[in-house]
Amino acid sequence: MGNCLIAQSGGPTAVINGSLAGVIRANQLNHKFGKVLGGIHGIEGVLKNKLFDLTDLPADEVSLLRQTPSSALGTCRYKLKRDQAEDFETLNQVLKENDVDVMFYVGGNDSMDTVDALSEWAAKHGSNTRFVGIPKTVDNDLVPPDHCPGFPSASKFANLVTKATAFDYDAYTRPEVFVLETMGRDAGWLAASCCMSGVVDLLVLPEIPFEKDAFLAQVQKYMDEKNSCYIVISEGARDAEGNYVSAGESANDGFSHAVLGGAGIALRQMIVDAGIAPRGVVQDLSRAARSSNFAMSKVDYDEAYELGLSAHMHACDNDFTAKVVGIKRGANASGEYAGEVFVDDASKFANFVKQFPTQWAKANYGGITEEAKDYFAPLIKGQPQLNWSNDGLIQMVKPFNLR
């Protein structure tokens, strides 16, 4: 009986450990693999043979793992390049030494590309090791799933913050704008979802080229009408030439993606410089949106775990490789939302970006349509029953990369 290995990559989420818990628990219930090994710090750690034995993790710890945010195994931003033969050979050697039959990789676009690349290499070089992807991302930009684990919880948190800060903002009479910045380098799903709060006046997305004069005219309109304007902007907002609104673009994150930040600050300064408002407040959600387990969506909590269970179940088939498990939108007997697990080739998940539909955005930065609201609504409903400690904080496991 061989072993399986699971690792996590890319940006953490509030529920990424749910998929990890799902694989661990599935193997405890159906002992297909001798050991469940965890790769410390993603593919980067696996290349260095940094593994942690998760096989017999106690049931209560598996339960707490589901409610622990961020990557409990540690993550990485290491790009496995297809022309870098040494990495593939090293990884193959590590997997052979540890008798690994299947490697599960939890991550976003680039991680699914890693699953695809490893599968291709294994097929070409006669390796029997199989590779299975489990998606996650707060950006919700993977094709072809309906949505990705991590996004619903980030959206729920973002809406709670949007509503709370709007109440704080509305308590004052002084003229100022409020700008909320969300993550979303290439897709504006998270920013757009903030409109579910019902308090957003203007929305700036990466999918719709930013036109400074047109935008400022809308800000002026709201300031004239009610002496305030609540704005949500995605960090990846850019103009028709591809120039980011952000003032904080730097080199790259290891995957040749621009590291962004400061779009909200840049937007506020633009408004102040135009003389439309004398001041403004900027709230950057940044990493809080992907690590706030106290605001998890129950749908997200359940689906992340189910994908882990499903990945393990499918991997019991010795021919199952180069695949990714994902969520598609379904309905129960009452017609209510019900996520359904599907399987497709890793190549269909890798290196594609699912952008927020421009037809779901209202003209003049005016928010989102009813169709978009219908999409978001079921994803942010409900909250899981969490275990709290006597000190009033949520119980969590100690990350395995820190043990």
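## A buried tyrosine and its partner

Is Tyr375 buried or exposed, at 7% relative accessibility? In this predicted model, Tyr375 counts as buried, because its 7% relative accessibility falls under the 20% cut-off. Trp360 also counts as buried, at 11% relative accessibility.

The structure holds 19 aromatic pairs, and one of them joins Trp360 and Tyr375. Their centres are 5.5 Å apart, with 50° between the planes, and the pair is tilted. It links distant parts of the chain, 15 residues apart: Trp360 belongs to the loop between strand E11 (337-345) and helix H12 (370-376), while Tyr375 sits in helix H12 itself.

## The ring cluster

The pairing goes further than these two residues. Ring pairs connect Trp360 and Tyr375 with Phe151, Trp189, Phe356 and Phe376 in a cluster.

## Charges over rings

Arg174 lies over the face of Tyr172, 4.3 Å from the ring centre. Over the ring of Tyr222 sits the charged end of Lys221, at 6.0 Å from the centre.

## Helix H11

Helix H11 runs over residues 298-315, 18 residues in total. From its first C-alpha to its last it reaches 26 Å, close to the 26 Å expected at 1.5 Å a residue. At the start of H11, Ser297 brings a side-chain oxygen to within 3.2 Å of the backbone nitrogen of Val299.

Val299 is also among the buried residues of H11.

Methods:
Residues are numbered from 1 along each chain as its sequence is written. This is a predicted model: local features need pLDDT of at least 70, side-chain atom pairs count only at pLDDT 80 or more; totals for chains, interfaces and linings use all residues. Side-chain values use heavy atoms; hydrogens and water are left out. Rings of Phe, Tyr and Trp (its six-membered ring) pair if their centres lie within 6.5 Å; planes under 30 degrees apart count as stacked, over 60 as edge-to-face and the rest as tilted. Helices (H or I, at least four residues) and strands (E, at least two) are DSSP runs, numbered from the N terminus. Buried means under 20% relative accessible area, exposed over 50%, partly exposed in between (1.4 Å probe, protein chains only). A charge sits over a ring if NZ of Lys or CZ of Arg is within 6 Å of the ring centre and within 35 degrees of the ring normal. The expected span of a helix is 1.5 Å times one less than its number of residues. A polar contact is a pair of N or O atoms within 3.5 Å; within protein, one must be able to donate a hydrogen and the other to accept it, and residues adjacent in sequence count only if both atoms are side-chain atoms.
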